[in-house]
Amino acid sequence: MKIAIYPGSFDPFTNGHLDILNRAAAVFDKVIVLAAVNSAKKTVFTQEERLAILKECLKDIPNVEVDSYSGLTVDYAKKVGASHIIRGLRAVTDFEYEFQLAAANRFACEDVDMVFFMASGKHSFVSSSVVNELRRNGADVSSLVPEPVLKAYEKKGL
Ligand code: ADP
């Protein structure tokens, strides 16, 4: 069984993330979406909220699971027997960061490889921070995020 991890902040989960995830789920037997616990990063949604949103958004994709972890992604991968880590690429600007991350992961563990998928053109500008900024300024973001994210914004009064 080929298992992959899709780690990220998912603050919140967007249709760009969903795009990458659907592509990965078509290739791997199981994909575990891993909401990173990163205390250094100030997030709009709490760890519990991000996890709840992910669970609601992904409950209908049979080979996708949701979890959170505070250590190195490669350690989590080893723990669950995953062979690959999924990341998404939007534009050249993502490359440098992802290249460094891939090198760091390889330094920490030789056996787990990174796999990159590219989002469709219509999602190439979508990031959690752009969606949060649009929403904060009153724009309609309903075509950029799944329904549970809109509900989560409303619940928080955002
Ligand atoms: P992180 O803080 O770990 O970068 P993110 O939640 O911002 O977490 O992103 C997780 C992964 O999804 C990253 O590899 C990022 O490049 C990718 N990603 C996010 N949005 C998109 C998008 N619209 N198209 C393609 N990949 C994306």
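**Notebook: a parallel sheet and its helices**

I note here that the model is predicted.

I reminded myself of the background: strands of a sheet pair through backbone hydrogen bonds, and they do so either parallel or antiparallel.

I found an open sheet of five strands, in the order E3-E2-E1-E4-E5, with parallel pairing. At the edges I noted strand E3 (64–69) and strand E5 (113–118), each of which pairs on one side only. On average, neighbouring strands of this sheet are turned by 35 degrees against each other, direction ignored.

Then I turned to the helices. I saw that helix H2, residues 47–58, lies across strand E2 (30–36) and E3. The angle of H2 to E3 is about 175 degrees. I also looked up helix H4, residues 92–108, which lies across E4 and E5. H4 runs at about 170 degrees to E4.

Last, I picked out Val27. I placed Val27 in the loop between helix H1 (15–25) and E2. Is Val27 buried or exposed? Its relative accessible area is 54%, and exposed means over 50%, so Val27 counts as exposed. I also looked up how far Val27 is from Ile3: they are 24 residues apart in sequence. In space, C-alpha to C-alpha, Val27 and Ile3 are 9.8 Å apart.

Terms used
Residues are numbered from 1 along each chain as its sequence is written. This is a predicted model: local features need pLDDT of at least 70, side-chain atom pairs count only at pLDDT 80 or more; totals for chains, interfaces and linings use all residues. Side-chain values use heavy atoms; hydrogens and water are left out. Two strands pair if DSSP finds at least two bridges between them. Helices (H or I, at least four residues) and strands (E, at least two) are DSSP runs, numbered from the N terminus. Axes are lines fitted to C-alpha atoms, for helices over the stretch in contact, and angles run from 0 to 180 degrees between N-to-C directions. Contact means heavy atoms within 4.5 Å. Buried means under 20% relative accessible area, exposed over 50%, partly exposed in between (1.4 Å probe, protein chains only).
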